[in-house]
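Please look over the entry shown here before reading my points.

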Amino acid sequence: MIIVDRRRLAGAVGLGVLAQAAAVGLLATSAWLLSRAAEHPPVLYLLVAVVAVRALGLGRGVFRYLERLVGHDVALRAQAALRLDSYRALARTTWLGRRGGDLLSRMINDVEAIQDVVVRVIVPITAAALVIVGAQIMITVIAPAAGLATLVCVAVAAGPVPLLAARLSAGLDRWVALLRGALAEAVAEATEAAPDLIAYGPQVALDRVRRADERLRRAEQRAALAQGVAAAGQTLGVGAAVIGALLLGSAGLAAGTVPPVQLAVLALTPLALAEVVAAIPPAVQTLSRAKAALGRVRQVIEAPAVGTGDRPDGAATTRPGVRLAGVTAGWPDGPVVVSGLDLELRPGQRVGLIGPSGSGKTTVAATIMGLIPATAGTVDVRGRVGYLAQDAYLFDTTVAENLRLGRREADDRELIMMLHRVGLDLELDRLVGVHGTRLSGGEARRLALARVLLTDPDVLILDEPTEHLDGPTAERLLADLDRLSAGVAVLMITHDPRVARRCDRLIDLGRTVDLSVAERG
């Protein structure tokens with residue numbers, strides 16, 4: 001699931017080692033320089049150390065910058081690959097019926113967790129481990145007893161303490177990922193229902209958002225407590241390493257086994273390791289959270305496909321149409337809403353689906369488009385299918401960009417011609433607003449129709465085409481539809497008697513009967 005450029009990752013780790021080694025070396029060299037300078041030797045004896053201090057000070061910043069540059073490059077490449085895998089998984093199935101806010105959180109927040117795995121886990125932990133080993137070797141060479149003592153203290157601070165904290169917060173980290181999705185769902189729902197909330201009062205929706213936010217805040221606070229305990233343990237461990245090195249180094253100095261100028265190096269090198277060790281507890285906890293987040297992404301990628309997702313362009317055919325025989329259908333994980341349906345739709349025919357709300361009209365449309373599979377019977381669809389949804393979504397961009405969702409390669413001339421065909425005189429660069437709020441209801445409906453017609457459909461499914469339109473506007477739209485859909489197989493889903501009267505046949509799902517024009521009188 002996760003693709004990482006290992007060579008670039010190794011480069012980032014190497015630069016991280018150089019940056020942290022420069023920080024430790026800077027303090028150790030400075031300690032030696034100060035101790036040696038206190039002996040008032042000839043200045044030439046100090047020049048190498050002076051240059052080394054300057055080089056390490058400059059190198060620390062340079063190497064850190066390069067490490068961040070290469071590390072983020074690796075992380076962003078991995079994130080792009082993971083996001084593409086997620087989109088491909090969604091394109092193979094249907095997201096209808098899923099919680100939109102939670103899915104959005106998985107696609108954005110949870111996918112971004114791969115950045116943390118690279119930048120905040122792999123690079124700092126690997127670099128810290130290598131630098132700690134190198135520093136301990138240096139201390140052991142100077143004073144073996146001090147090296148052993150600091151090794152034990154630093155190892156405890158860098159190993160068991162972070163792991164214990166991660167174990168304490170593991171459950172909370174998984175809970176944080178779920179709560180983040182719940183908060184996103186509550187916010188998305190409140191945003192989508194904003195007009196209704198303004199009319200009827202937003203308190204219920206806002207209370208839901210506040211409760212979700214409060215649960216997330218409390219979970220993060222409890223997780224932060226574990227991280228604070230780890231930081232305290234790490235500070236105590238490094239402090240013990242400094243004290244142990246100082247005491248054992250002093251004993252070595254008294255015994256004549258440790259040179260006087262090396263005592264400061266023994267004392268300050270473990271102190272320099274504090275910065276190195278400090279990166280480990282948050283990295284371990286970040287790994288715990290990232291595993292929970294990436295697990296949610298894996299669920300999306302590995303989820304069994306429902307329906308066919310994005311239907312490929314229908315193959316050219318001289319006999320386009322739709323044929324349903326004994327079809328039984330319902331939404332995934334839901335009850336059957338349509339049973340034993342027979343329907344045949346040929347070019348030039350108009351069939352209307354009518355029935356009470358919940359009788360399965362939109363379910364039939366989704367089954368024809370392949371968004372959900374039929375649980376029984378056969379579904380035969382030939383040719384390209386165009387769908388005008390009941391509340392067709394218009395993006396907050398220009399008229400042209402909304403139209404090109406229907407056909408990306410369409411040029412401006414084709415777009416203008418299509419606008420004129422549906423009776424619109426809009427500038428292509430006009431912004432339509434969120435959900436098309438800068439257009440009238442009729443303009444928005446016609447723009448959505450123009451987008452569908454740009455696909456040159458052989459089969460056209462119209463879900464409540466006159467929804468939210470006044471009588472005269474609806475009549476004009478229906479007259480234009482008669483003209484624009486001549487020769488096309490049209491399936492009308494409607495409650496509107498004006499639409500039903502324009503159909504050749506009606507299928508009443510509430511009564512599961514097929515009414516011809518003659519039967520309707």
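1. Start with L447. Setting aside neighbours within four places in sequence, L447 is in contact with L394, V399, L403, L419, L424, V432 and L439. Please keep in mind that this is a predicted model.

2. Three of these leucine and valine names return in the largest nonpolar core, which has 39 residues. V399, L403, L447 and L449 are the members that touch the most others in this core. At least two core residues each come from α12 (399-403), α13 (412-421), α14 (441-453), β6 (459-463), α15 (471-484), β7 (489-493) and α16 (497-501). Which of these elements gives the most? That is α14, with seven residues.

3. As a general remark, nonpolar side chains tend to be buried together in soluble globular proteins.

4. Next, a sheet. Three strands make an open sheet, and their order is β2-β1-β4 with antiparallel pairing.

5. L324 has V379 in β4 as its bridge partner. Helix α11 (residues 361-368) packs on the sheet and touches β1, β2 and β4. The direction of α11 makes about 120° with that of β1.

6. How is the chain divided into domains? The domain assignment gives domain 1 as 6-302 and domain 2 as 321-516. The centres of domain 1 and domain 2, taken over C-alpha atoms, are separated by 53 Å.

7. Now the chain as a whole. The protein chain has 16 helices and nine strands. Its radius of gyration is 34 Å, well over the 24 Å that the globule rule gives for 521 residues, so the chain is more spread out than a compact globule. The C-alpha trace spans about 115 × 45 × 45 Å along its principal axes.

8. Two totals complete the note. Of the 521 residues in the protein chain, 45% count as buried. Among contacts with a separation of 6 or more, 77% are between residues 24 or more positions apart.

Conventions:
Residues are numbered from 1 along each chain as its sequence is written. This is a predicted model: local features need pLDDT of at least 70, side-chain atom pairs count only at pLDDT 80 or more; totals for chains, interfaces and linings use all residues. Side-chain values use heavy atoms; hydrogens and water are left out. Two strands pair if DSSP finds at least two bridges between them. Helices (H or I, at least four residues) and strands (E, at least two) are DSSP runs, numbered from the N terminus. Contact means heavy atoms within 4.5 Å. Axes are lines fitted to C-alpha atoms, for helices over the stretch in contact, and angles run from 0 to 180 degrees between N-to-C directions. A nonpolar core is a set of buried Ala, Val, Leu, Ile, Met, Phe, Trp, Tyr and Cys residues joined through side-chain atoms within 4.5 Å. Buried means under 20% relative accessible area, exposed over 50%, partly exposed in between (1.4 Å probe, protein chains only). Domain bounds come from an automatic or database domain assignment. The radius of gyration is taken over C-alpha atoms; the globule rule is 2.2 Å times the number of residues to the power 0.38.
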